[in-house]
Amino acid sequence: MIQSPTQPSRSPAEPAEPAWPFQSALVIVAHPDDEILWAGGTMLLHPQTRWTIVVLCRRSDPDRAPKFRRVLQMLGAAGRQGDLDDGPEQTPLPPQEVQHAILALAGGGEHDLILTHSVAGEYTRHRRHEEIGQAVLALWDAGQLTSRELWAFAYQDGNGQHEARAIQEADVFEVLPAGVWERKRGLIGEVYGFGHGSFEAKAAGRQEAFWRLRPVTHKGVN
């Protein structure tokens with residue numbers, strides 16, 4: 001059974017200030033479940049952060065949309081969902097359309113951290129992941145999305161040779177505690193309903209990784 005996140009206990013010997021410096025974080029993804037697949041453990045590890053999750057597709061999906069709302073409740077996060085085309089043809093979308101949808105859902109204000117797709121996606125291949133990663137980076141470059149740092153999901157599948165795996169050489173690489181990993185897998189299996197043999201169940205790994213970008217210094221980083 002999934003348990004709601006709770007504030008982790010701290011012994012008197014531990015420092016009063018947490019090492020995690022982000023009080024407000026925005027997650028921008030293509031589909032309901034991407035937030036859990038690529039960053040679910042990170043969110044579960046830091047329930048003190050004010051998380052907002054923006055999903056660009058599937059608002060009209062009678063199956064996935066209500067499941068996403070339940071995940072928000074489980075995480076104690078705010079969330080907004082759009083309805084970009086997500087047909088199996090993966091018809092390319094104009095960059096301006098994707099950027100406009102992101103800005104309409106993300107709203108104004110500055111966050112300490114933004115998490116989103118890599119410009120290359122996480123596996124071979126989903127065009128929406130790549131388009132959203134590219135759009136977020138462009139908006140961030142232009143100052144239309146603002147944050148101290150931008151983290152891009154760092155995963156690869158060996159050009160389709162294996163399931164998507166966290167890249168150990170990425171700037172941020174985290175092995176989730178067993179209990180956190182179990183809760184992450186529970187969100188994918190019990191809430192989103194993906195079975196043990198599904199792509200999603202296999203991709204919901206214990207390891208999470210990110211390319212870490214900062215304003216001015218991030219040019220040319222993956």
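Accessible areas come from the Shrake-Rupley method with a 1.4 Å probe. On that basis, the accessible surface of the chain in this predicted model comes to about 10900 Å², and 49% of this surface belongs to carbon and sulfur atoms. The chain has 222 residues, of which 50% count as buried. Its secondary structure consists of six helices and nine strands. Among contacts in the chain with a separation of 6 or more, 79% are between residues 24 or more positions apart.

**The sheet**

- An open sheet is formed by seven strands, in the order β3-β2-β1-β4-β5-β9-β8, and its pairing is mixed.
- The edges of the sheet are held by β3 (78–84) and β8 (172–175); each has a single partner strand, so one side of each is left without a neighbour in the sheet.
- From one strand to the next, the twist averages 20°.
- Strands of a sheet pair through backbone hydrogen bonds, in either a parallel or an antiparallel manner.
- Strand β1 (residues 24–29) and strand β4 (residues 111–116) run parallel and are joined by four bridges.
- Within that pairing, A25 has L113 of β4 as its bridge partner.

- Leaving aside residues up to four places away in sequence, A78 touches W51, T52, I53 and L72.
- Between A78 and W51 there are 27 residues of sequence separation, and the C-alpha to C-alpha distance is 6.3 Å.

**Helices**

- Helix α3 (residues 95–106) lies across β1, β2 (50–57) and β3, and runs at about 155° to β3.
- Helix α4 (residues 127–141) contains 15 residues; from its first C-alpha to its last the helix reaches 21 Å, close to the 21 Å expected at 1.5 Å a residue.
- G143, which follows α4, has a positive phi, near 80°.

**K184 in helix α5**

- K184 is located in helix α5 (residues 178–191).
- The relative accessible area of K184 is 0%, and K184 is therefore buried.
- Not counting residues up to four places away in sequence, K184 touches I36, L37, G41, L44, L176, A204, G205 and E208.

**Aromatic pairs and cluster**

- The count of aromatic pairs comes to 10.
- One of these pairs is formed by W20 and W51; the pair is tilted, at 6.4 Å centre to centre and with 35° between the planes.
- This pair links distant parts of the chain, with W20 in the segment before β1 and W51 in strand β2, 31 residues apart.
- W20 and W51 are both buried.
- W151 and F210 also form a tilted aromatic pair, at 5.3 Å centre to centre and with 45° between the planes.
- Distant parts of the chain are again linked: W151 is in strand β5 (residues 147–153) and F210 is in strand β9 (residues 207–213), 59 residues apart.
- W151 is buried, with a relative accessible area of 5%, and F210 is buried at 1%.
- A single aromatic cluster is formed by W20, F22, W51, W151, F153 and F210.

How values were computed: Residues are numbered from 1 along each chain as its sequence is written. This is a predicted model: local features need pLDDT of at least 70, side-chain atom pairs count only at pLDDT 80 or more; totals for chains, interfaces and linings use all residues. Side-chain values use heavy atoms; hydrogens and water are left out. Two strands pair if DSSP finds at least two bridges between them. Helices (H or I, at least four residues) and strands (E, at least two) are DSSP runs, numbered from the N terminus. Axes are lines fitted to C-alpha atoms, for helices over the stretch in contact, and angles run from 0 to 180 degrees between N-to-C directions. Contact means heavy atoms within 4.5 Å. The expected span of a helix is 1.5 Å times one less than its number of residues. Buried means under 20% relative accessible area, exposed over 50%, partly exposed in between (1.4 Å probe, protein chains only). Rings of Phe, Tyr and Trp (its six-membered ring) pair if their centres lie within 6.5 Å; planes under 30 degrees apart count as stacked, over 60 as edge-to-face and the rest as tilted.
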